[in-house]
Amino acid sequence: MSLPVRNRLARWTWGLAYAFLFRPSPIPCHAWRRSILRLFGARVGRGAHPYPCCRIWAPWNLTLGDHSCLGNGAECYSVAPVTLGAHATVSQGSQICTATHDYNDPAFPLVSRPVSIGPRAWVAAEAFIGPGVNVGEGAVVGARAVVVKDVPPRAVVAGNPARIVKWRRYEHQCLDPDSQRREEPAPLS
Ligand SMILES: CC(C)(COP(=O)(O)OP(=O)(O)OC[C@H]1O[C@@H](n2cnc3c(N)ncnc32)[C@H](O)[C@@H]1OP(=O)(O)O)[C@@H](O)C(=O)NCCC(=O)NCCS
């Protein structure tokens, strides 16, 4: 499936801005990169840290909450919307992937679903978050985990496929009173 010309032109323009303005900027220049992302339609909160080597497919589909962080080498394949809540962190080398293909259709169409990473959640290094996944508030996704199902608030998940290994002891006051759960580890499925 080919994407509309308008989309391809916008991504080509973004590619130039990324190569010449965003990627070469010194690490501390988060405000500069926030401005570039806003120019390309991203919703970017106060104090967000988009690191220079993160990769964003379409900034107009990206929302970065206040003080959230998109680390170096994090790949944001934002064919559909990607939302990082306030204080959420996506560490280096992680892949936030909003699209797949319908492999049963001979035309092999692109199918996309939004991904959200909840407030204060942490996606650790080189984890994969698949299309349609919601990572709950304060959850932790372990390094190199493969997450294809929603992660409950405060769960710590790891492995491929990701399973709950423990629950986070959370000292910050929770932003969402409905997510005050503490349960025994259970399989994600
Ligand atoms: C997920 C994580 C935070 C959990 O740390 P922890 O609370 O100390 O967890 P534990 O070491 O007690 O592990 C609990 C269980 O999960 C398993 N586990 C932990 N992390 C795992 C991972 N990434 N992949 C697979 N299994 C993992 C442990 O083997 C252990 O299993 P067991 O109970 O059968 O022995 C940590 O393992 C991790 O992945 N850290 C990320 C490091 C990183 O990305 N650093 C870059 C920072 S910017």
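A: What follows goes from the shell around the ligand to one of its residues, and then to the strands.

This is a predicted model, in which local features need pLDDT of at least 70 and side-chain atom pairs count only at pLDDT 80 or more, whereas totals for chains, interfaces and linings use all residues. Residues are numbered from 1 along each chain as its sequence is written.

The ligand is surrounded by 13 residues, a residue being near a molecule or strand if its C-beta atom, placed from the backbone, lies within 6 Å of it. The closest are Ala124, Ala125, Gly142, Ala143 and Ala158. By class, the shell holds 8 nonpolar, 3 polar and 2 charged residues, where Ala, Val, Leu, Ile, Met, Phe, Trp, Tyr, Cys and Pro count as nonpolar, Asp, Glu, Lys and Arg as charged, and the others, Gly among them, as polar.

Gly142 sits in the loop between strand 16 (140–141) and strand 17 (146–147); strands (E, at least two residues) and helices (H or I, at least four) are DSSP runs numbered from the N terminus. Gly142 counts as partly exposed because 19 other C-beta atoms lie within 10 Å, the cut-offs being 20 or more for buried, 12 or fewer for exposed, and partly exposed in between, with C-beta atoms placed from the backbone. Leaving aside residues up to four places away in sequence, Gly142 touches Ala124, Val156, Val157 and Ala158, contact being taken as C-beta atoms, placed from the backbone, within 7 Å. Between Gly142 and Ala124, which are 18 residues apart along the chain, the C-alpha separation is 5.3 Å.

Strand 18 (155–158) and strand 19 (163–167) each supply at least two residues of the shell. These two strands pair in the antiparallel sense over 4 bridges, and pairing requires that DSSP finds at least two bridges between two strands. Within this pairing Ala155 stands opposite Trp167 of strand 19, and in the hairpin, which has 4 residues between the strands, Gly159 takes a positive phi near 95°.

Elsewhere, an open sheet of 5 strands with parallel pairing has the order 1-4-7-12-15. Its edge strands, each pairing on one side only, are strand 1 (43–44) and strand 15 (134–135). Strand 12 (residues 115–117) runs parallel to strand 15 and is joined to it by 2 bridges, with Val135 in strand 15 as the bridge partner of Ile117.

Over the whole protein there are 2 helices and 19 strands, and buried residues make up 38% of the 189 residues.

Technical notes. Contact = placed C-beta atoms within 7 Å.
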